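User: I am new to this structure and would like to understand how its charged side chains pair up. Could you take me through the terms as we go?

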There are 2 protein chains.
Amino acid sequence: VRISELARRTDLPVGTIKYYLREGLLPPGTLTSTTQASYDAEHVRRLGLIRVLIGVGGLSIARARAVLAAIDSPPRPGIPHDLLGTAHAAIGPEVPAGEEALARARALVARWGWADVEKAPALSQLAAALEGIEAADVPLSDATLDRYAALMARVAEVDLASVPTGSPAEAVRFVVAGTVLFEPMLLAMRRLAQWGASVERFGPGGAS
Amino acid sequence: VRISELARRTDLPVGTIKYYLREGLLPPGTLTSTTQASYDAEHVRRLGLIRVLIGVGGLSIARARAVLAAIDSPPRPGIPHDLLGTAHAAIGPEVPAGEEALARARALVARWGWADVEKAPALSQLAAALEGIEAADVPLSDATLDRYAALMARVAEVDLASVPTGSPAEAVRFVVAGTVLFEPMLLAMRRLAQWGASVERFGPGGAS
């Protein structure tokens, strides 16, 4: 179909689609004349993903491009693991953490039995988060940390169990999109569950 | 102490501290002369919290001000619940969701037994996240959603069990800071646990 029809189907302005083409997020269509190109269902699907990464995921154009490049790269043995690193690095945030905090994060992760995370970008994310909690003087015991870690390990199990095994391309797409898209969902669930538990404990009066 | 000493203790430039004073994030010190003010340990603590909200939490000045106002507001009966709404609203993100997605989120939350969430700002956050996942064509079954929800409900239980009950001011501070600060920690844990589980399953080779 032509770009005007692609715009209609995806509910995006033609200018936005041209912008994504220029920025290399959307692969070019098939040239049907010197001035016209044709687009297919794969373009519709891709635009849905782009919109989600930038809209829901809140990624910049540059980060969205990196995530899409990871999705497009040819699958190799050990993909999900390889992919996780690319996805995590592309999504960020890159947070610098002090050596002391990093050492603490490493020790915790070792205690939780999560293997070989030295190269995982999320290690400094955890270290910085713990640094922040300490700096804000928010009490957080080791026992509570362990409880959170055990629950998030079970979330990760659900994540990995859901990876489609049929097609490598689908697996790759799922891992990357799942990392970006499931995070806001999980955080929303946590907040709603807090709310529900709090209403049960304190009554609905306070929320008016 | 004087502002120069406050800067030294908090490792922040004097200009930044003056900026936080002007923006109303940091309460003024006690005037000791017409041109000098004196700051105390509470100012040191407050600056630690401000840095964390803006740095680790990634809040804007306006959102940080709203969160701090919630922390400062006098405690009332039913605080944690009331506070949750304020904290969630201040932290955002405010994500618009379609009516259809909202209806779906409402139905799910009812199935999970989380009470009285109609006014919870996180309801549209959940709806928008689910909308995004669907738009990206990422497969996510109801059974998997239920599994995630059950785990996040247990995370919320740990959250609420940790709220200090001694002083209302501390409880308030903990609820707000915990919401902002624990989110990056939980997400980092999830990513690290994914990584560890993926290494176990696929071997460390891919991550080089």
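Analyst: Helices (H or I, at least four residues) and strands (E, at least two) are DSSP runs, numbered from the N terminus. This is a predicted model, in which local features need pLDDT of at least 70 and side-chain atom pairs count only at pLDDT 80 or more, while totals for chains, interfaces and linings use all residues. Residues are numbered from 1 along each chain as its sequence is written, chains are lettered from A and ligands numbered from 1 in the order in which they are written, and side-chain values use heavy atoms, with hydrogens and water left out.

User: What makes Glu5(A) and Arg9(A) a salt bridge?

Analyst: A salt bridge needs a side-chain nitrogen of Lys or Arg within 4 Å of a carboxyl oxygen of Asp or Glu; for Glu5(A) and Arg9(A) the N to O distance is 3.0 Å, so the pair qualifies. Both residues lie in helix 1 (residues 3-10) of chain A, four residues apart, about one turn of the helix.

User: Why is Arg191(B) called buried?

Analyst: Buried means under 20% relative accessible area, exposed over 50%, and partly exposed in between (1.4 Å probe, protein chains only); Arg191(B) has 3%, and is therefore buried.

User: How do you know that Arg191(B) and Glu183(A) join two chains?

Analyst: Their closest N and O atoms are 2.9 Å apart in a salt bridge, and because Arg191(B) lies in helix 9 (residues 168-202) of chain B and Glu183(A) in helix 9 (residues 168-202) of chain A, the pair joins two chains. Glu183(A), with a relative accessible area of 9%, is buried.
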